[in-house]
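Biologist: Hi! Could you walk me through this structure while I have it open?

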Amino acid sequence: MSSSKVSLDRIDRKLLNLLQQSSMLTFQQLADRVGISQPACHRRIHRLRDAGVIAGDVSLVNPAYAERKMAIWIEMSLSSHELKMFNELIEMLRTSPYVSCCDVITGDTDILACITVADMDEFREVTREFMRRCPIIKTYRSITVAQRVKLNPVYLFDET
């Protein structure tokens, strides 16, 4: 992966928008939609992957089939921002199989994370483990999702 930022032209941006809609499109289908040849499309996508612009591909699972259907947002406030302890907390959240989304945010709260659990018992176990492993979590507030309205992990690119 390259350490410098890659310049994206109009065709790259179109490809990125299409791939975020469906990574199942063939190189030929993508090429036809952006107006380039299939080999040129393949080279561009390969370059975008090598440069780290495309970080990976995932399949979105229908929540009806998930074992852990309960989504809970947790707002965490920290007692310290000492770098070593902060980085340990971030790494724990990054690697936790329960955390589906996590951001360091501004305002009164320091971290916002979404966890998915089977039930409230599992939620208590997970949050107790977080608190045990990372004592810099001063307080947390949980918000249980009653109904997911939209899940669309997309970064929209201007195609002009």
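**Pockets, pairs and a cavity**

Modeller: Happy to. α1 gives the most to the lining of the largest pocket, with 4 residues. Keep in mind that this is a predicted model.

Biologist: Which elements each supply at least two residues of the lining of the largest pocket?

Modeller: These are α1 (10-21), β1, β2 (99-104) and β3 (111-117).

Biologist: And what volume does the largest pocket have?

Modeller: The volume is about 1,600 Å³. The lining has 39 residues, and the closest to the pocket centre are V58, L60, L151, N152 and P153.

Biologist: How does the lining of the largest pocket split by class?

Modeller: There are 23 nonpolar, 11 polar and 5 charged residues in that lining.

Biologist: What classes of residue make up the lining of the largest cavity?

Modeller: By class there are 6 nonpolar residues, 1 polar residue and no charged ones.

Biologist: OK, charges next. How many salt bridges does the structure hold?

Modeller: It holds 10 salt bridges. As background, side chains of opposite charge can pair when their charged atoms come close. One of the salt bridges is between R68 and E122, where the closest N and O atoms are 3.0 Å apart.

Biologist: Which parts does the R68 and E122 pair tie together?

Modeller: R68 lies in the loop between α3 (38-50) and β1, while E122 is in helix α5, so the pair ties together parts that are 54 residues apart in sequence.

Biologist: Is E122 buried or exposed?

Modeller: E122 counts as buried because its relative accessibility is 12%, and the cut-off for buried is under 20%.

Biologist: What does E122 touch, not counting residues up to four places away in sequence?

Modeller: E122 touches R68, Y98 and V117 on that count. The side chains of E122 and R68 are also joined by a polar contact of 3.0 Å. In case you want to find E122 on screen, look in helix α5, which covers residues 120-133.

Biologist: What about E91, which residue does it form a salt bridge with?

Modeller: E91 pairs with R94, and their closest N and O atoms are 2.9 Å apart. Both residues lie in helix α4 (residues 83-95), 3 residues apart, or about one turn of the helix.

Biologist: How do E91 and R94 count by accessibility?

Modeller: E91 counts as partly exposed, at 38% relative accessibility. R94 counts as exposed because its relative accessibility is 57%, and exposed means over 50%.

Biologist: Which residues are linked in a network of salt bridges?

Modeller: D9, D12, R44 and R47 are linked in one.

Biologist: Last topic: V104. Where is V104 found, and is V104 buried or exposed?

Modeller: V104 is found in strand β2. V104 is exposed, with a relative accessible area of 52%.

Biologist: And what does V104 touch, leaving out residues up to four places away in sequence?

Modeller: V104 touches F86, I90, D110 and I111.

Biologist: How far apart are V104 and L25?

Modeller: From C-alpha to C-alpha, V104 and L25 are 34 Å apart in space, and in sequence 79 residues separate them.

Biologist: Thanks, that helps a lot!

Methods: Residues are numbered from 1 along each chain as its sequence is written. This is a predicted model: local features need pLDDT of at least 70, side-chain atom pairs count only at pLDDT 80 or more; totals for chains, interfaces and linings use all residues. Side-chain values use heavy atoms; hydrogens and water are left out. A polar contact is a pair of N or O atoms within 3.5 Å; within protein, one must be able to donate a hydrogen and the other to accept it, and residues adjacent in sequence count only if both atoms are side-chain atoms. Contact means heavy atoms within 4.5 Å. Ala, Val, Leu, Ile, Met, Phe, Trp, Tyr, Cys and Pro count as nonpolar, Asp, Glu, Lys and Arg as charged, and the others, Gly among them, as polar. A salt bridge is a side-chain nitrogen of Lys or Arg within 4 Å of a carboxyl oxygen of Asp or Glu. Buried means under 20% relative accessible area, exposed over 50%, partly exposed in between (1.4 Å probe, protein chains only). On a 1 Å grid over the protein atoms alone, a cavity is a set of points where a 1.4 Å probe fits but cannot get out, and a pocket is an open set with protein on both sides within 12 Å along at least five of seven lines; lining residues have an atom within 4 Å of a point. Grid points are joined across faces, edges and corners, and a volume is the space filled by probe spheres set on the points.
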